[in-house]
Amino acid sequence: MADAQGPRGAEAPDEEVAALLRAERRRRRTRARQSLVFVAIFLVVVGIGIGAAGVNRGWWEGPFAAADDAATPAPTQACPTPTTAPVEAAGVQVSVLNSTDRPGLAGGVADELTARGLVVGAVANAPDGVVVPGTAEVRYGPEGALAAEGLASIAPGAELVRDDQRAGPAVDLVLGEAWSELAPADVPLTAVVTPDPATLPPGCATPGPTSAATPTTTAPATPAP
């Protein structure tokens, strides 16, 4: 019986050694895998750092550069706005008409306009039936638009009345019931110049009238001469 047990007792150290060797191999494989994972993570971090530095310094475009460019709207051209321009007094030909029952009103205003350098034509009463309840009307045709605005700029409250059938650059200043006086003599004649619609960039609307005078209206069917 002693001989039979001897071999089994002798095999135990060999099994322990084999188990230790297997455990050691497992530990080595685990450490190797861990080392590979660490190296891979390190390389990824280094790559991200290099990529970020390259994008920041402009060496190459980032992955979202194209998307950012597409999302950023293209700069648009500013729409031109109306501007105020001086009007030469000598270029304004005006007839002064009195639509009120105040005698001498047209003559007094005509003298003031002449003193300011405007070219005064007729000085008379307005035709019968022409009544201006407001301050005044500046009546003009297409050729007299600039002169009309210039005159209206020194006639506070005057209403611009356009007549497309009227020829020539001369204008009429029809004095109304509420007329008070011209603007002070040191006030220059000015007009608002609006951009030509044909030259406006796409998407820009034609600016409306922004004159200091009352906005333009259409002349009645039988305008004053």
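I began with the largest nonpolar core, which has 30 residues. A nonpolar core here is a set of buried Ala, Val, Leu, Ile, Met, Phe, Trp, Tyr and Cys residues joined through side-chain atoms within 4.5 Å. Leu113, Val138, Leu151 and Leu173 have the most contacts inside this core. Helix 3 gives the most to the core, with 5 residues.

I noted the ground rules. The model is predicted, with local features needing pLDDT of at least 70, side-chain atom pairs counting only at pLDDT 80 or more, and totals for chains, interfaces and linings using all residues. Residues are numbered from 1 along each chain as its sequence is written, and side-chain values use heavy atoms, without hydrogens and water.

Next I looked up helix 3, residues 105-115. Helices (H or I, at least four residues) and strands (E, at least two) are DSSP runs, numbered from the N terminus. I found Leu105, Ala106, Val109, Ala110 and Leu113 buried; buried means under 20% relative accessible area, exposed over 50%, partly exposed in between (1.4 Å probe, protein chains only).

I then checked contacts, meaning heavy atoms within 4.5 Å. Beyond four places in sequence, Leu113 touches Val94, Val96, Leu118, Val120, Leu151, Ile154, Leu173 and Leu182.

Last, I looked at Asn98 in strand 2. Asn98 counts as buried, at 5% relative accessibility. Its contacts beyond four places in sequence include Leu105 and Ala106.
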